[in-house]
Amino acid sequence: MQKNEKTRQRISNEPFELPARGALKARLLLCAAVLLACGSASAEVQRAEAQNRKTIAEERKIPARTAELAPLKRAAEDGDAAAQVAYAKYLHQQFDDPIEGFRWMERAAAQNHPEGLYGLSLYYTNGWSGLKSPGLAFKLMQSSAEKGYHWAELDLGLFYIKGTGTKKDLNKAAEWISKAAAAGLPVAQYEMGLLNLNGEGVKRDFLEALRWFDKAAQQNHPDAMFYIGAAMYEGSGTDKNPAQGWAMIQEALRLGSKVASDNSKNYPKPR
């Protein structure tokens with residue numbers, strides 16, 4: 001298998017699957033977490049917190065989107081950061097309201113909630129609230145990763161690979177992605193396979209790449225399954241078994257692997 005530069009994952013958006021609306025213009029709620037990340041003065045933070053309290057008091061008068069969500073909304077209004085994250089996800093995913101989702105995610109981030117910081121970073125990365133800020137997204141992602149949130153560890157590594165809000169640094173990328181991979185995230189395990197296959201931030205090591213691809217393939221990561229299937233087909237770093245390798249490549253195709261789609265013609269069905 002050749003060195004591969006084109007199979008890098010995008011920054012993950014696991015909590016939010018809906019695309020951002022076009023040119024949304026938001027009345028963004030300034031929260032303490034954002035101001036602190038920007039290095040703003042404490043007086044500005046205090047004003048933001050006062051505005052936040054006033055806004056929540058007004059929002060208490062607004063019914064929840066559904067009766068089932070009422071307890072979650074009350075918990076979010078009472079300052080439960082985990083509830084704020086969950087409510088933000090509901091608003092964004094189920095009700096296609098990224099603006100309101102942003103506000104609640106911002107409040108969770110203001111309490112240094114790891115997933116809140118991560119989610120807010122994704123908002124600023126993807127522009128879901130109408131505003132993109134790679135630099136702020138990086139700072140928030142870094143804060144979440146340093147608190148041990150595994151999706152943030154993965155995405156912080158990808159920030160370093162892509163140079164999103166920071167300078168490219170493959171060594172730091174490998175360091176952070178390896179943490180998420182060791183925690184069992186299949187996407188991170190796949191990324192570690194790519195890093196070892198390409199010699200990015202780590203010594204190029206085909207067998208180590210296969211080891212990571214195998215871990216991800218065992219969790220049904222489609223692209224990792226292709227690499228394992230191709231290795232079996234060719235007998236590269238493992239026992240040669242074209243029939244079994246072809247079958248795994250077909251499964252990768254069934255699961256939607258673009259890498260398999262682009263390369264399967266090189267692995268015809270064995271006789």
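Q: What does the side chain of E100 make a polar contact with?
A: In this predicted model, the E100 side chain makes a polar contact with the side chain of W104, at 3.3 Å.

Q: Nice. Where is the place of E100?
A: E100 sits in helix 5, which covers residues 98-110.

Q: And is E100 buried or exposed?
A: Buried: its relative accessible area is 18%, and the cut-off for buried is under 20%.

Q: Which residues is E100 in contact with, leaving aside neighbours within four places in sequence?
A: Those are E59, R65 and L91.

Q: Switching to charges: how many salt bridges does a search of the whole structure find?
A: Seven. Among them is the one between the side chains of K73 and E77, with an N to O distance of 2.3 Å.

Q: Where are K73 and E77 relative to each other?
A: Both belong to helix 3 (residues 70-77), and because they are four residues apart there, about one helical turn separates them. K73 is buried at 7% relative accessible area, and E77 is buried too, at 8%.

Q: What about E115 and K89, how do their side chains meet?
A: In a salt bridge as well, at 2.4 Å from N to O. E115 is in helix 6 (residues 114-126) and K89 in helix 4 (residues 81-94), so this pair ties together parts that lie 26 residues apart in sequence. E115 is buried, with 17% relative accessible area, whereas K89 counts as partly exposed at 22%.

Q: And K258 with D262?
A: Their side chains form a salt bridge at 2.9 Å, N to O. The two are four residues apart in helix 14 (residues 258-263), so they are separated by about one helical turn. K258 is exposed, with a relative accessible area of 57%, while D262 is partly exposed at 39%.

Q: New topic: which residues of helix 11 are buried?
A: A209, L210, W212, F213, A216 and A217. They span an arc of only 165° around the axis, which puts them on the same side of helix 11.

Q: What do those buried residues pack against?
A: Helix 9 (170-182), helix 10 (186-198) and helix 12 (222-234).

Q: Which residue caps the N-terminal end of helix 11?
A: D205 does, with a side-chain oxygen 3.2 Å from the backbone nitrogen of L207.

Q: Last one: where is N220, and what is it in contact with?
A: N220 is in the loop between helix 11 and helix 12. Leaving aside neighbours within four places in sequence, N220 is in contact with M225 and L255.

Methods: Residues numbered from 1 in each chain as written. Predicted model: local features only at pLDDT ≥ 70, side-chain atom pairs only at ≥ 80, totals over all residues. Heavy atoms only, no water. Buried < 20%, exposed > 50% of the residue type's maximum accessible area, 1.4 Å probe, protein only. Arc of directions from axis to C-beta. Contact = heavy atoms within 4.5 Å. Polar contact = N/O pair within 3.5 Å; in protein donor to acceptor, adjacent residues only side chain to side chain. Salt bridge = Lys/Arg side-chain N within 4 Å of Asp/Glu carboxyl O.
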